[in-house]
Amino acid sequence: MVEIPYGKRMRPRYWRFLIITAVGIALVAFALDIPWLLITLIVLGVLNVIVCVGALYVLHRQPHTVSDDELRLRQLGFFDWRIPTADLGSAQVAERSHKGQRSVEVIGDALVIQSLTRTNVSVPFREPQLVDLGKTGAQRVERVEFWADDPDRAVREINARTT
């Protein structure tokens with residue numbers, strides 16, 4: 001199994017949130033004399049710290065992976081899709097911007113797993129696949145587009161297992 005990291009673009013954003021939250025908690029603690037508001041803001045700040053640390057952990061510990069049997073695509077612990085390599089066509093580097101509303105959604109005939117509105121790897125399917133993202137129900141897709149920190153390596157690793 002080969003890891004395909006995808007968090008390089010998102011990690012700095014979570015680190016900024018973490019730093020801003022820590023500074024905000026400290027400022028609120030020194031500036032407020034209203035106990036109930038102080039406690040409320042500190043609790044919300046601590047929850048935000050937990051979310052940011054959790055996101056950083058997931059980005060580091062749960063990358064996309066490819067093995068001889070499957071391509072496993074993830075998005076921050078909220079999305080995890082395993083695609084048999086026998087169902088994949090030839091992957092290619094294809095950097096694109098997306099105007100999607102969600103980090104994982106069907107746009108046109110593609111399942112798009114974007115990183116800050118961008119993807120850089122496109123993998124067609126040999127046969128259309130059904131993907132169910134919840135609210136929209138099952139939809140047919142002909143390819144998957146996702147972000148990889150090293151798209152050339154990701155394409156090489158995927159193609160080595162699909163040809």
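Reader: Let's start with L76: is it buried or exposed?

Author: A heads-up before we look: this is a predicted model, where local features need pLDDT of at least 70, side-chain atom pairs count only at pLDDT 80 or more, and totals for chains, interfaces and linings use all residues. Residues are numbered from 1 along each chain as its sequence is written, and side-chain values use heavy atoms, with hydrogens and water left out. Buried means under 20% relative accessible area, exposed is over 50%, and partly exposed is in between (1.4 Å probe, protein chains only). L76 has a relative accessibility of 14%, so it counts as buried.

Reader: Where does L76 sit, and what is its phi?

Author: L76 lies in the loop between β3 (70-75) and β4 (79-84); strands (E, at least two residues) and helices (H or I, at least four) are DSSP runs, numbered from the N terminus. L76 isn't a glycine, yet its phi is positive, at about 50°.

Reader: What about L116: which loop holds it?

Author: L116 also isn't a glycine, and its phi is positive at about 50°. Its loop is the one between β7 (110-113) and β8 (118-132).

Reader: How should I class L116 for accessibility?

Author: The number to look at is its relative accessibility, which is 27%. That puts it in the middle class, so L116 counts as partly exposed.

Reader: On to V104: why does it count as buried?

Author: V104 belongs to strand β6 (residues 104-107). It counts as buried because its relative accessibility is 12%.

Reader: Which residues does V104 touch, leaving out those up to four places away in sequence?

Author: Here a contact means heavy atoms within 4.5 Å. With residues up to four places away set aside, V104 touches Q75, F79, L111, V112, I113 and L133.

Reader: How far apart in space are V104 and R13?

Author: Along the chain, V104 and R13 are 91 residues apart. From C-alpha to C-alpha, the separation is 18 Å.

Reader: Now T40: how far is its C-alpha from that of G24?

Author: T40 is in helix α2, and at 36% relative accessibility it counts as partly exposed. T40 and G24 are 16 residues apart along the chain, and their C-alpha atoms are separated by 13 Å.

Reader: What is the relative accessible area of L41?

Author: L41 is found in helix α2, which covers residues 35-61. It's partly exposed, because its relative accessible area is 33%.
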